[in-house]
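Subject: Structure handover

Hello,

Here is the structure for you to look through. My notes on what was found follow below it.

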Amino acid sequence: TVVESDTIIKNAKSAILIDAATGNVLYEKNAKEKLSPASMTKIMTMKLVLDSIDNNELSFDEILTTSKHASSMGGSQVFLSAGEKMKCVDLFKSMVIASANDAAVALAEYVSGSVDAFVIKMNEKAAQLGMTATRFENVTGLDDTAENHLTSAKDIALMSCALIKHPLVLQYSSIWMD
C-alpha cells in the first residue's frame with residue numbers, strides 16, 4: 001500500500017528533509033522539538049566508533065570481549081554472552097544492521113572504557129556538530145527512564161549527515177536481513 005506523503009507529514013510529530021550534500025532544508029515540521037530519539041541514538045554511537053577507527057584508536061580487526069553489562073542489554077540485540085569475543089567489525093555490523101544494543105554497549109565500553117565516559121564523548125560531539133537540542137544519557141536509546149535523553153529532528157539530521165560521510169555505514173546499512 002502506498003501512503004501519501006501528506007498523511008505521513010500530518011501524522012509526524014516532527015520531521016525534517018535536508019539535502020545531505022549542502023545542508024539545505026527542503027522541508028521541516030517542528031524540527032527543533034525535543035523528543036526521545038530511541039534507537040536513533042545509535043547514529044552517534046556509530047559516528048564515534050568510526051571516528052575512533054579513523055584516528056587509529058581502534059581497528060575493525062580487533063577482537064573485543066563482551067562485558068557482563070553489555071550482555072545484559074534488552075531490546076534489539078544479537079544475544080552476546082559475557083566473555084564472548086567478537087571482531088569489532090562484526091559488532092559494528094550488528095549495531096548497524098540489527099540495531100543491537102548489546103553490540104553498541106560493547107563498542108562504547110571498548111572505545112571509552114565505560115558507557116558513562118562514552119556518553120560524555122557523545123554529548124561533546126553533539127555540541128561540535130551544532131546539535132543544540134540534544135542531550136544523550138546512554139548509547140542505545142533503550143532506557144525509557146532517561147527522561148533527559150532528548151534530541152530533535154534537526155539534530156538527528158546533523159548527526160546523520162556527519163555519519164554518512166563514512167562509506168562503510170552506507171555499505172552495511174544496505175545489507176538486507178531475512
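Which are the buried residues of α4? They are Cys 88, Val 89, Leu 91, Phe 92, Ser 94, Met 95 and Val 96. Please bear in mind that this is a predicted model. The buried residues of α4 pack against α2, β3, β4 (85-87), α5 and α8. Just after α4, Ser 99 has a positive phi of about 55°.

Aromatic pairs

The whole structure contains three aromatic pairs. In one of them, Phe 60 and Phe 92 are tilted, with 5.5 Å from centre to centre and 55° between the planes. This pair links distant parts of the chain, since Phe 60 lies in the loop between α2 (42-54) and β3 (63-65) while Phe 92 belongs to helix α4 (residues 88-98), 32 residues apart. Phe 60 and Phe 92 are both buried.

Phe 60 also pairs with Tyr 172: the ring centres are 6.5 Å apart and the planes are at 65°, so this pair is edge-to-face. Planes over 60 degrees apart count as edge-to-face. Here too, distant parts of the chain are linked, with Phe 60 in the loop between α2 and β3 and Tyr 172 in helix α8 (residues 167-173), 112 residues apart. Tyr 172 is buried, as is Phe 60. Through these ring pairs, Phe 60, Phe 92 and Tyr 172 are linked into a cluster.

Cysteines

There are zero disulfides in the structure. Cys 88 has 0% relative accessibility and therefore counts as buried. Cys 161, at 18% relative accessibility, also counts as buried, because the cut-off for buried is under 20%.

Helix packing

The axes of helix α5 (residues 101-112) and helix α6 (residues 115-128) come within 8 Å and cross at roughly 85°. α5 and α6 are therefore roughly perpendicular to each other. On the α5 side the contact involves Val 105, Ala 108, Glu 109, Val 111 and Ser 112, and on the α6 side Val 115, Ala 117, Phe 118 and Lys 121.

Helix α6 also meets α2: their axes come within 10 Å and cross at roughly 95°.

The hairpin

Strands β1 (residues 15-18) and β2 (residues 25-29) run antiparallel and are joined by four bridges. Ile 16 stands opposite Glu 28 in β2. β1 and β2 form a hairpin with six residues between them, and Gly 23 in the turn has a positive phi of about 80°.

Positive phi in loops

Most residues other than glycine have a negative phi. Ala 38 is not a glycine, yet has a positive phi of about 50°. Ala 38 sits in the loop between β2 and α2 and is partly exposed, with a relative accessible area of 37%. Asn 56, also a residue other than glycine, has a positive phi near 60°. Asn 56 is found in the loop between α2 and β3. At 72% relative accessibility, Asn 56 counts as exposed, because the cut-off for exposed is over 50%.

Regards

Methods. Residues numbered from 1 in each chain as written. Predicted model: local features only at pLDDT ≥ 70, side-chain atom pairs only at ≥ 80, totals over all residues. Heavy atoms only, no water. Disulfide = S-S within 2.5 Å. Buried < 20%, exposed > 50% of the residue type's maximum accessible area, 1.4 Å probe, protein only. Phe/Tyr/Trp six-rings, centres within 6.5 Å; stacked < 30°, edge-to-face > 60°. Helix = DSSP H or I, 4+ residues; strand = E, 2+ residues; numbered from the N terminus. Pairing = 2+ DSSP bridges. Axes fitted to C-alpha atoms, helices over the stretch in contact; angles between N-to-C directions. Parallel < 35°, antiparallel > 145°, perpendicular 65-115°, else oblique. Contact = heavy atoms within 4.5 Å.
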